[in-house]
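Please open the structure in your viewer and keep the sequence beside it.

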Amino acid sequence: TMGTTVPTGTMSPTGTTLGPEHFEELYATRDDPWHADTSWYEQRKHRLTLAALPRKRYHRAVEPGCSTGALSELLAERCDEVFAFDFVECAVDAAKARVGRSEHVHVLHARFPDYWPFGVGDLVVWSDVPYYLSDVGWDAAVAGLDCWLEPGGHLIAVHSTGEPDHPRSAASIGRQLDQLDFLERVVGLVDEHFELGVWLRRPRELIV
């Protein structure tokens with residue numbers, strides 16, 4: 001993996017990602033730190049995320065770093081089952097309040113990249129998440145992705161490009177995913193403010 005620097009804040013005890021303290025401070029001063037419900041940029045990005053998904057319907061999806069559940073709510077319309085999680089407790093509470101009436105959406109208090117739902121699924125959504133990972137965390141996330149995403153399933157990764165203090169850049173995430181032999185990029189979009197990509201999980205017999 002690429003050499004990286006760690007932004008202001010401390011890594012989690014596992015050394016995989018920026019610790020929850022960094023994000024808890026953001027939520028302590030505002031209920032919606034990323035303005036998911038008021039920012040046209042965020043609303044547009046979420047709708048482009050849904051529009052980029054190649055299939056009309058997915059069986060099981062996982063969304064780490066779900067924050068207050070704005071994207072989770074949209075994913076619920078396209079998926080039979082959604083596992084959304086965050087490691088900031090107040091964000092989890094807000095997401096539960098938002099999607100709590102949807103019995104097929106499970107909102108959990110858990111840490112990425114350590115947590116993956118049981119079994120396998122056909123959609124992984126990385127929205128503004130992996131660039132907080134250390135190199136150790138990136139390797140753990142890729143290992144989990146390899147185990148959980150079933151052949152024929154999709155990974156969608158969407159990352160803002162305007163934050164230079166992340167451990168890894170949005171562009172580097174796309175390049176690193178392109179290098180994984182079990183993934184094939186099927187969608188690519190470079191916006192002024194973010195990059196979006198969709199990757200297909202190759203059948204295991206096609207991986208050399």
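Begin by selecting residues 183–190, which form strand β6, together with residues 194–201, which form strand β7. In this predicted model, the two strands pair in the antiparallel sense over seven bridges. Three residues lie between β6 and β7, and the two strands form a hairpin. Within this pair, select L189; the residue opposite is L196 in β7.

Next, display the whole protein chain as a cartoon. Six helices and seven strands make up its secondary structure. Followed along the sequence, the chain shows the order α-α-β-α-β-α-β-β-α-β-α-β-β.

Now switch to a surface view. The accessible surface of the protein chain is about 9800 Å², and carbon and sulfur atoms account for 53% of that area. Of the 208 residues in the chain, 50% are buried. If contacts are drawn between residues at least 6 apart in sequence, 66% of them join residues at least 24 apart.

Return to the cartoon and select residues 149–160, strand β5, where H154 is found. Is H154 buried or exposed? H154 has a relative accessible area of 6%; because this value is under the 20% cut-off, the residue counts as buried.

Show the side chains of H154 and Y58, which are joined by a polar contact of 2.9 Å. Finally, which residues does H154 touch, leaving aside those up to four places away in sequence? They are P54, R55, Y58, D122, L123, V124, L149, V186, V198, W199 and L200.

Conventions:
Residues are numbered from 1 along each chain as its sequence is written. This is a predicted model: local features need pLDDT of at least 70, side-chain atom pairs count only at pLDDT 80 or more; totals for chains, interfaces and linings use all residues. Side-chain values use heavy atoms; hydrogens and water are left out. Two strands pair if DSSP finds at least two bridges between them. Helices (H or I, at least four residues) and strands (E, at least two) are DSSP runs, numbered from the N terminus. Buried means under 20% relative accessible area, exposed over 50%, partly exposed in between (1.4 Å probe, protein chains only). Contact means heavy atoms within 4.5 Å. Accessible areas come from the Shrake-Rupley method with a 1.4 Å probe; for residues, only the protein chains shown count as cover. A polar contact is a pair of N or O atoms within 3.5 Å; within protein, one must be able to donate a hydrogen and the other to accept it, and residues adjacent in sequence count only if both atoms are side-chain atoms.
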